[in-house]
Amino acid sequence: MSASRAVPAPGVAPRATAPRLKQFAAAAVWWVLSIGIVVAIWEITAALGLINTIILPPPHEFVAEMSPSVTWDDVGSLAAAAGLPVILKGILTVEDALLAVEHGAAGIVVSNHGGRQLDGVAATLDALPEVVDAVGGRIEVLVDGGIRRGTDVLKALALGARAAMAGRAVAFALAAGGEEGVRRVLSLLQDEIRLGLGLLGCTSPDAVGRSHVERAYDLPA
Ligand SMILES: Cc1cc2nc3c(=O)[nH]c(=O)nc-3n(C[C@H](O)[C@H](O)[C@H](O)COP(=O)(O)O)c2cc1C
């Protein structure tokens, strides 16, 4: 560090010398211009209607992407054309679960798509037990939504899911740490599942069952 830029001793206010005032004024001008340019770009983008297109499509455009012509019969046609097992994601009710079984789905994912579509929709862990009971083992039942740690996976298994899926946990790990971040999150989840199983006295995920959880609203008043 050069002598002219030495940091003043604690408690000693720097003197307002001419070079310092010039430096301060230059920094202030730089910030005002930078913020001005960002605001100007935002305003021009908004004026051209690009913000809605790029960032947030209006609801009617989103709905327009969903074809009302799709019916339950299409599930069977899709499976036949694909020659692959079809798993339906977004099931939250017994009625839809039974329709999925009836129309040849190989499995369902009890999901509210991360609660990002319809505000106030049921939590997936609340919907899971009755869907599992209705399906009665005829097709696979998976679940997602709010899986952040190994114990969340164990709760899902305890309530009858065959497997749990994670969205944001993995997406955020990817954003923060790329491939290594995703590996880290998956390994953390794996370690937490192992630890949780051990603490529950279970030697495998298959051994986790309803007796391992108690839902608050099932408890006697
Ligand atoms: C940024 C983002 C985009 C998503 N896009 C879709 C989508 O296009 N189709 C879909 O079925 N689910 C979509 N989802 C929902 C996920 O597939 C998944 O159901 C949800 O993230 C699970 O909840 P979690 O994030 O709490 O784990 C999206 C989720 C996020 C966070």
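These legends describe close-up views of one predicted model. Local features require pLDDT of at least 70 and side-chain atom pairs require pLDDT 80 or more, while totals for chains, interfaces and linings use all residues. Residue numbers run from 1 along each chain as its sequence is written.

**View 1. The shell around the ligand.** The ligand is surrounded by 14 residues. The closest are His113, Gly114, Asp144, Gly167 and Arg168. Helices (H or I, at least four residues) and strands (E, at least two) are DSSP runs, numbered from the N terminus. By class, the shell has 4 nonpolar, 6 polar and 4 charged residues. Ala, Val, Leu, Ile, Met, Phe, Trp, Tyr, Cys and Pro count as nonpolar, Asp, Glu, Lys and Arg as charged, and the others, Gly among them, as polar.

View 2. His113 lies in the loop between strand 2 and helix 6. Its phi is positive, about 55°, although His113 is not a glycine. His113 is partly exposed because 16 other C-beta atoms lie within 10 Å. The cut-offs are 20 or more such atoms for buried, 12 or fewer for exposed, and in between for partly exposed, with C-beta atoms placed from the backbone. Gln117 also sits in the loop between strand 2 and helix 6. With 10 other C-beta atoms within 10 Å, Gln117 is exposed. Gln117 and Arg168 are 51 residues apart in sequence and 15 Å apart in space, C-alpha to C-alpha.

**View 3. The largest nonpolar core.** This core holds 33 residues. Ile91, Ile108, Val110, Leu128, Val131 and Ala156 touch the most other members. Elements giving two or more residues include strand 1 (87-91), strand 2 (107-110) and strand 3 (140-144). Helix 6 (124-135) is another of these elements. Helix 6 gives the most, with 6 residues. A nonpolar core is a set of buried Ala, Val, Leu, Ile, Met, Phe, Trp, Tyr and Cys residues joined through C-beta atoms within 7 Å. Leu128 touches Val110, Val143, Ala156, Leu159, Gly160 and Ala161, leaving out residues up to four places away in sequence. Contact requires C-beta atoms, placed from the backbone, within 7 Å.

**View 4. Helix 5 against helix 6.** The two axes come within 9 Å and cross at roughly 35°. Axes are lines fitted to C-alpha atoms, for helices over the stretch in contact, and angles run from 0 to 180 degrees between N-to-C directions. Val94, Ala97, Leu98 and Val101 in helix 5 meet Glu130, Val131, Ala134 and Val135 in helix 6. By class, this contact has 7 nonpolar, no polar and 1 charged residues.

**View 5. Helix 7 and its cover.** Helix 7 is largely enclosed by the rest of the structure, because 7 of its 9 residues are buried. The buried residues are Asp152, Val153, Leu154, Lys155, Ala156, Leu157 and Ala158. Their cover includes helix 6, strand 3, strand 4 (163-165) and helix 8. Gly160 follows helix 7 and has a positive phi, near 110°.

**View 6. Pro14 before helix 1.** Pro14 is found in the segment before helix 1 (18-47). Pro14 counts as exposed, with 9 C-beta neighbours inside 10 Å. The C-alpha atoms of Pro14 and Met165 are separated by 57 Å.

Key
Near = placed C-beta within 6 Å. Contact = placed C-beta atoms within 7 Å.
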